[in-house]
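Me: I'm new to this one and would like a close look at a single part of it. Here is what I have on screen.

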Amino acid sequence: MHELSLEAIRSALARREFSALEITTHFLDRIARIDPRLNAFVTVDRETALAGARAADAALAAGTAGPLCGVPIAHKDIFCTDGMRTSCGSRMLGNFVPPYDATVVERLAAAGCVTLGKTNMDEFAMGSSNETSYYGPVRNPWDRERVPGGSSGGSAAAVAARLAPVATATDTGGSIRQPAALCGLTGIKPTYGRVSRHGMIAFASSLDQGGVLARSAADAALLLGAMAGFDPRDSTSIDAPVPDYCASLDADLAGLRIGVPKEYLDAGLHPGTERAVRAGLAELERLGARVREISLPHSPLSVPAYYVIAPAECSTNLARFDGVRYGYRCADPQDLFDMYARSRAEGFGDEVKRRILVGTYALSAGYYDAYYRKAQQIRRLIAQDFHAAFAEVDVIAGPASPSPAFRFGEKSTDPVTMYLEDIYTIAANLAGVPALSVPVGLVDGLPVGMQLIGRHLDEARILNVAHRFQQATDWHLRRPGGID
Amino acid sequence: MSISEEQLARVAELARIRLDEATVAEVTRRISDILAMIDQMSAVDTTGVEPMANPLDATQRLRADEVTETDRRERFLAIAPLSEDGLYLVPRVIE
């Protein structure tokens, strides 16, 4: 049951081969049995999930079922869930029970999805290994001595270990695509503004975007279609119709122009990753695409520009955590300043504090022009690179991460080393273009991801390319050993 | 560019984060490393380049100034660390 695609689950539920209660119970039992080894979930609410499943069965029987009725799902613990704790991987929100649902949660519930629980993540989505979570690191199902990637590492590990058929996730600098790559999944970060940010706890508001971690492009297309669309509650939501992503999955790739940025196949790339990505590109050529080298000349600047813009926005967004209205408050505050300063010192972990401090510094008087303004100018140069490239090619392809999954502690001691983990993914966030990672091979038994980047609002095309690739290959069907 | 311990103390005060004395040197060094990495930006001539705040160059959408939400005061106050008589409680500000 846990190997079924979303489409197979839907049709089995419609034909009453099993009930929503049965499949939900199946996944809850797997979580209870397997997750103690992985730590992918922060919260599992069995009673709420079972109640949701019973409601789904009633809707199926009554003929009022939504398009995803009875499909179990895990939500990244950054999406607010009404009545269910939402920690964002932080001690700061360890006791936070939101009084409302995120739009993403609301839409998927309306479509009939049954929430299994909330997945672990780097604290406030700041990290690339899941090691910054207050609730402990998530282990990679492919090798439990290695990281699952981050920040959506819990969602990735849960889907890879078949603890959930699919999961929501978010991506500010690579937090969907890099864990997808490291866990052998298909993960899509849509165009900035395509999926509502309402109720998605803010990290860097001009970069944050919700998306999907799934086992195939077809599953991702189905779920994204149910999540995406205009939301008046998100001031940067795009008011454009959502196409049927599933309808275009099978489109022919003949003549498709794919550009490979020479900057993405550089000296920093693991040779095994490079071999797998090159083999993936060759497969796309066999499918009819025309692959050529392109240049995104400013891409080496994406990491420095990002590490000004993201911390700057984080420093303002996280100012709301003050110990007054919700979240953690220190014991026995001496005065108001002491309450703020100690609640934040005790409630936030080291990486979050580091980014708040960098952001506060970059925005402070005398430094604004040299840092924030400069980074925003470079952001435009990076966006212009994409614009120029997309005049000549339809899709940009390359690696999703510099190497396969690394060991715990290997990069966490030095922040700058960890930041370079997102060297191939950050530019898409800065430019706001949609991008996904698709499994493209194994290196020493560990998955490798190939990134596909599309034009603004062209999610359908990159999902189409990913799907055709998955019709011709079986990398996405490989599963971690040691997890039954 | 690097940051001094004194500068860091000022920034931490602005950010309302108490720094543990024992870790100040370490935090200062890590943040200086990050600033050194960021300094790669200074090698690029950006004269005349318009800063980009929104990746789609979109501007803030406005809505009519009308009440659209229901009053959920009790529910919101219920999750506060400390409240009384419909108010958030904080340490005394004015003696």
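This is a predicted model: local features need pLDDT of at least 70, side-chain atom pairs count only at pLDDT 80 or more; totals for chains, interfaces and linings use all residues.

Is E274(A) buried, partly exposed or exposed?

Reply: E274(A) is partly exposed, since its relative accessible area is 21%, and a residue needs to be under 20% to count as buried. You'll find E274(A) in helix α8 of chain A, which covers residues 271–286. Leaving aside residues up to four places away in sequence, E274(A) touches L265(A) and L269(A).

Now for the charged pairs. Side chains of opposite charge can pair when their charged atoms come close. Over all chains, the count comes to 30 salt bridges. Take E3(A) and R479(A), which form one of them, with their closest N and O atoms 2.2 Å apart. E3(A) sits in the segment before α1 of chain A and R479(A) in the segment after α15, so this pair ties together parts that are 476 residues apart in sequence. E3(A) is partly exposed, with a relative accessible area of 35%, and R479(A) is partly exposed too, at 30%.

Another salt bridge joins E351(A) to R354(A), with 2.6 Å between the closest N and O atoms. Those two share helix α11 of chain A (residues 350–363) and sit three residues apart, about one turn of the helix. Both E351(A) and R354(A) are buried. Elsewhere, salt bridges that share partners link D414(A), E26(B), R29(B) and R30(B) into one network.

The axes of α7 (residues 217–227) and α15 (residues 459–472), both in chain A, come within 8 Å and cross at roughly 155 degrees. That angle makes α7(A) roughly antiparallel to α15(A). Where they meet, the α7(A) residues include A217(A), A221(A) and L224(A), while the α15(A) residues include L463(A), A466(A) and H467(A).

One last stop for contrast: H75(A), in strand β2 of chain A (residues 72–76). H75(A) is buried, with a relative accessible area of 1%. Among the residues H75(A) touches are V105(A), L108(A), K118(A) and T168(A), again not counting residues up to four places away in sequence.

How values were computed: Residues are numbered from 1 along each chain as its sequence is written. Chains are lettered from A and ligands numbered from 1 in the order in which they are written. Side-chain values use heavy atoms; hydrogens and water are left out. Axes are lines fitted to C-alpha atoms, for helices over the stretch in contact, and angles run from 0 to 180 degrees between N-to-C directions. Helices (H or I, at least four residues) and strands (E, at least two) are DSSP runs, numbered from the N terminus. Angles under 35 degrees count as roughly parallel, over 145 as roughly antiparallel, 65 to 115 as roughly perpendicular and the rest as oblique. Contact means heavy atoms within 4.5 Å. Buried means under 20% relative accessible area, exposed over 50%, partly exposed in between (1.4 Å probe, protein chains only). A salt bridge is a side-chain nitrogen of Lys or Arg within 4 Å of a carboxyl oxygen of Asp or Glu.
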